[in-house]
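Welcome! Here is a short briefing to read alongside the sequence and the 3D view.

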Amino acid sequence: MNTGVKITAFAAALAATFGAAYGVGKGVGPVDEPAKAGHGEHAATAQPEGAGGHAGHAEGAATAPAAGGLQVSEGGYTLAMETPRPTAGKGVLKFSIKDAGGRKVTAYTTEHGKELHFIVASRDLTVYRHLHPVRAADGTWSTPVDLPAAGGYKAFADFKPAGKNAKGVTLGVDLSVPGAYAPQPLPAAAPTATVDGYQVALGGTLDPGRAGELKLTVSKGGRPVTDLEPYLGAYGHLVALRDGDLAYLHVHPNEGGPGPGVSFTATAPSAGTYRLFLDFQHGGKVRTAAFTVHAGAGHATAPAPTGGATHDAGGHAHG
């Protein structure tokens, strides 16, 4: 594998870069689906899914996968927001998935414990929300959300309609929270992240257009965490977003045990900077570790850990 981005931190597998997640060695795999990873008919190597359910390429492939979440409509489905201008603070988001005839979709395939995965991130990638909306009988989804400040956000709906030949779809839509907006700089790349007293280290290689593995290792108080708890059918859950257009990659872990490591396989769709968000559960609580990474020629590798330097993954929450 060509050297792209080498990171020695665990938590990056869920954090923010589209296609920056990889699994190394025996990571943490699906709990209830040991023979497969990824949605629907995707391969057991946890290949990434792009918009419209495109699977990632095999190891060594020269072509990058299609970027996901860049369109509000795709494959005959549309993400229709009923609250496109939420207010800052706590509120409720409502939306529906409509088919080509404009009807609200009410039949889905359950994947990783949910009919639909809903992500909201700020345009500056400093705020991340992995929400669990509830669907009404008429197909309207609703979820509480806490958006801390005014500014631009993007919402992603990741789902697979019901049906034998249905494919996974990832749709994205812009949200605007009114008020004075002061975008924050993207956090610097770092090999480790700290969240709620947990240290997460990321290791692996990220190459555009080539499948690779990334391993995240969780510890607390200097000791490895070996009893991670299942979350959404696995011991870790990863979302990656590309800086700029917020192209989306949802990656699921490779087969493995309950820690301290969680591994993923994914392919970066292009060179660039990514933000990775890793969800893991321990002690009955889900936490998110976030990383900034670079992929591709002309980008420096992530710095090696020195003196226990960490980056606090702030601004992340779950619904």
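How many residues lie between E13 and E14 in their hairpin? There are four, and glycine 209 in the turn has a positive phi of about 75 degrees. This is a predicted model, in which local features need pLDDT of at least 70, side-chain atom pairs count only at pLDDT 80 or more, and totals for chains, interfaces and linings use all residues. Residues are numbered from 1 along each chain as its sequence is written, and side-chain values use heavy atoms, with hydrogens and water left out.

**Strands and hairpins**

- Strands here are DSSP runs of E with at least two residues, numbered from the N terminus, and two of them pair if DSSP finds at least two bridges between them.
- E13 and E14 run antiparallel and are joined by seven bridges; alanine 201 has threonine 217 in E14 as its bridge partner.
- E14 also runs antiparallel to E18, with seven bridges joining them, and alanine 211 stands opposite threonine 267 in E18.
- Two bridges connect E14 with strand E15 (residues 223-224), again antiparallel.
- E14 and E15 form a hairpin with two residues between them, and glycine 221 in that turn has a positive phi of about 60 degrees.
- Elsewhere, five strands make an open sheet in the order E3-E4-E5-E9-E8, with antiparallel pairing.
- Its edge strands are E3 (73-74) and E8 (134-135), each pairing on one side only.
- Within that sheet, four bridges join E4 (residues 77-81) to E5 (residues 89-98), and leucine 79 has isoleucine 97 in E5 as its bridge partner.

**Nonpolar cores**

- A nonpolar core is a set of buried Ala, Val, Leu, Ile, Met, Phe, Trp, Tyr and Cys residues joined through side-chain atoms within 4.5 Å.
- Buried means under 20% relative accessible area, exposed over 50%, and partly exposed in between (1.4 Å probe, protein chains only).
- The largest core has 27 residues, and Val200, Leu276, Phe280 and Phe291 have the most contacts inside it.
- Strands that each supply at least two residues of this core include E13 (198-206), E14 (211-220) and E18 (261-267).
- A second, separate core has 25 residues, among them Val105, Trp141, Val173 and Val177.

**Aromatic pairs**

- Rings of Phe, Tyr and Trp (its six-membered ring) pair if their centres lie within 6.5 Å; planes under 30 degrees apart count as stacked, over 60 as edge-to-face and the rest as tilted.
- By this rule there are eight aromatic pairs.
- One of them is the edge-to-face pair of tyrosine 108 and tryptophan 141, at 5.5 Å centre to centre and 80 degrees between the planes.
- Tyrosine 108 lies in the loop between E5 and E6 (116-122) and tryptophan 141 in E9 (residues 140-147), so the pair ties together parts 33 residues apart in sequence.
- Tyrosine 108 is buried at 8% relative accessibility, and tryptophan 141 is buried at 3%.
- Ring pairs link Tyr77, Phe95, Tyr108, Phe118, Trp141 and Phe159 into a cluster.

**Salt bridges**

- A salt bridge is a side-chain nitrogen of Lys or Arg within 4 Å of a carboxyl oxygen of Asp or Glu, and the count comes to eight.
- Arginine 123 and aspartate 174 form one, with their closest N and O atoms 2.5 Å apart.
- Another joins arginine 287 to aspartate 196 (3.4 Å, N to O), linking strand E20 to the loop between E12 and E13, 91 residues apart.
- Arginine 287 is buried at 12%, whereas aspartate 196 is partly exposed at 45%.
- Glu82, Lys104 and Asp138 are linked in a salt-bridge network.
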